[in-house]
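Please go through the points below with the model open.

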Amino acid sequence: MTLLSRRAALGLALAAPAALVLATRPAMAREPDTYQEQGIAIDGTDPVGYFDEQRPVPGSAEHEFDWKGATWRFASAETKARFMADPEAFAPQFGGYCAYAASLGYLAPTMPEAWTVHNGQLFLNANLRARELWLQDTDANIEKGRANWPGILG
């Protein structure tokens with residue numbers, strides 16, 4: 001049997017409480033894959049409306065579909081059916097979080113009025129100023145956002 005030196009014993013004694021604290025730390029929750037408030041994706045806006053009407057169209061609780069951990073709302077049964085047939089074609093990039101923030105490496109909520117359809121994909125932004133900055137170099141911002149995604153979810 002070997003005896004611990006005074007230094008080794010002191011090191012173990014000091015390390016034990018730190019290890020206990022680290023072991024009992026609560027795990028940080030990962031952000032949802034889809035931007036949502038109270039379970040409703042993208043502020044209840046119909047994502048198909050951005051493509052069909054080139055504007056944000058409010059969705060309805062009458063036409064809901066659960067996808068990727070959130071409830072998506074649609075203006076009509078038709079837009080709901082189109083989304084259900086190919087959600088990836090209509091869902092906003094970066095899970096509906098602010099595309100400009102994603103390009104900078106963080107998450108931010110979005111507002112329906114700050115949007116862009118670029119190369120057939122929907123991008124949402126936190127506000128009109130973020131949209132303005134996003135549009136200054138959309139392709140580079142998309143590339144930066146994709147490099148950061150999904151690591152910024154936590």
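The notes below take these topics in turn.

1. This is a predicted model, in which local features need pLDDT of at least 70 and side-chain atom pairs count only at pLDDT 80 or more, while totals for chains, interfaces and linings use all residues. Residues are numbered from 1 along each chain as its sequence is written, and side-chain values use heavy atoms, with hydrogens and water left out.

2. The average pLDDT (the predictor's confidence in each residue, from 0 to 100) is 87 for the chain, and 81% of the residues score at least 70. Over residues 1-27 pLDDT stays under 50, and the model has two contacts (heavy atoms within 4.5 Å) beyond four places in sequence for them. Where pLDDT is low, the predicted coordinates should not be read in detail.

3. Helices (H or I, at least four residues) and strands (E, at least two) are DSSP runs, numbered from the N terminus. In helix α7 (residues 138-148), T138, N141, I142 and G145 are the buried residues (under 20% relative accessible area; exposed is over 50%, partly exposed in between; 1.4 Å probe, protein chains only). They lie on the same side of α7 because they cover an arc of only 105° around the axis, taken from the directions from the helix axis to the C-beta atoms. E143 and A147 are exposed on the other side of α7.

4. The cover over the buried residues of α7 includes α5 (99-104), β7 (115-118), β8 (121-124) and α6 (128-136).

5. A91 sits in the loop between α4 (87-90) and α5. A91 counts as buried because its relative accessibility is 7%. Leaving aside residues up to four places away in sequence, A91 touches W67, W72 and F83. D46 and A91 are 45 residues apart in sequence, with 9.5 Å between them in space, C-alpha to C-alpha.
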